[in-house]
Amino acid sequence: MSYFTDADARKIISTTYEKAQASTAVAAMLYAPEELSALPPGAVALALGVNHPVRHAALLRGERVLDIGCGAGIDTLLAARAVGSHGRVVGLDMTPAMLDRARGHIAEAGADNIELREGLMEALPFPDESFDVIVSNGVLNLSTRKSRALAEMLRVLRPGGRVALGDLVLTDTLPEAIMKDPTALAV
Amino acid sequence: MFRRKLFNVGFEAVATVDRRPFSIADLARYPLFPPEFLDFVRRVLPVERDQNVVHTVVVTGRRPL
């Protein structure tokens, strides 16, 4: 059950993430120290995912990867390193402020195989069969139309293409008082 | 439910490849939640769920050939 309209949810989520303060606590929980030491500090400090889908994506050199909800770019940068100069990574996010931050981190890293796009996961701005792999990290739960978002992922993957999606799942119902709180949308 | 959604839209070979509990302390690491929200969650949730509020997972899948 969704307690918020699509438009309200997107506004709450954008505002929440735009105001997020830098902290390395999340990255330290999710990523290996040797991964983090090779990344721009700003990308590490704005890591807001919930797992490490790139680790489980089995990326190969030369693959085309889409990072849905790329935020400040930590997974985008890790994926770009994995696929190498003959691969390509597209980072998609609906929040212009986060894309601006990602742009700076990508430039700082000197990664030339990354493109950033603004857009919605429920209406991916790409032709059919554009990617070999899709990753996302704590993003699908932010959608009020998860099945639509998943159908779009299927569409833009090539036949045989893969997804590795990190997210949070409930083990039991949460009290309605928590589910109705706008802050909970960011989880 | 997450895996079921992937199957329902047409993914195959759907699997949960990582699954771990997230505690309130883990949620507190995120600069997204003000202290008063976390205090609210602690008050509303039974104490036995403090260490297991939600689970973090990675689910993989494949588009059929």
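**Fold of chain A and its interface with chain B**

Of the contacts in chain A between residues at least 6 apart in sequence, 73% join residues at least 24 apart, two residues being in contact if their C-beta atoms, placed from the backbone, lie within 7 Å. The structure is a predicted model, in which local features need pLDDT of at least 70 and side-chain atom pairs count only at pLDDT 80 or more, whereas totals for chains, interfaces and linings use all residues. Residues are numbered from 1 along each chain as its sequence is written, and chains are lettered from A and ligands numbered from 1 in the order in which they are written.

Chain A contains nine helices and five strands, arranged along the sequence in the pattern α-α-α-α-α-β-α-β-α-β-β-α-β-α. Helices (H or I, at least four residues) and strands (E, at least two) are DSSP runs, numbered from the N terminus. The radius of gyration of chain A, 16 Å, agrees with the value near 16 Å that a compact globule of 187 residues would have; the radius is taken over C-alpha atoms, and the globule rule is 2.2 Å times the number of residues to the power 0.38. Along the principal axes, the C-alpha atoms of chain A fill a box of roughly 50 × 35 × 30 Å.

Buried residues account for 47% of the 187 residues in chain A, a residue being buried if 20 or more other C-beta atoms, placed from the backbone, lie within 10 Å of its own. Beyond its neighbours within four places in sequence, I74(A) is in contact with A27(A), L39(A), A43(A), V44(A) and A47(A).

At the interface, 33 residues of chain B are in contact with 37 residues of chain A. On the side of chain B that touches chain A, two or more residues each come from helix 1 (2–9), strand 1 (12–22), helix 3 (35–44) and strand 2 (54–62) of chain B; strand 2 of chain B gives the most, with nine residues. Strand 2 of chain B runs antiparallel to strand 5 (residues 157–169) of chain A, to which eight bridges join it. In this strand of chain B, V59(B) is the bridge partner of L165(A).

The model scores ipTM 0.91 and pTM 0.91.

Notes. Two strands pair if DSSP finds at least two bridges between them. A residue is buried if 20 or more other C-beta atoms lie within 10 Å of its own, exposed if 12 or fewer, and partly exposed in between; C-beta atoms are placed from the backbone.
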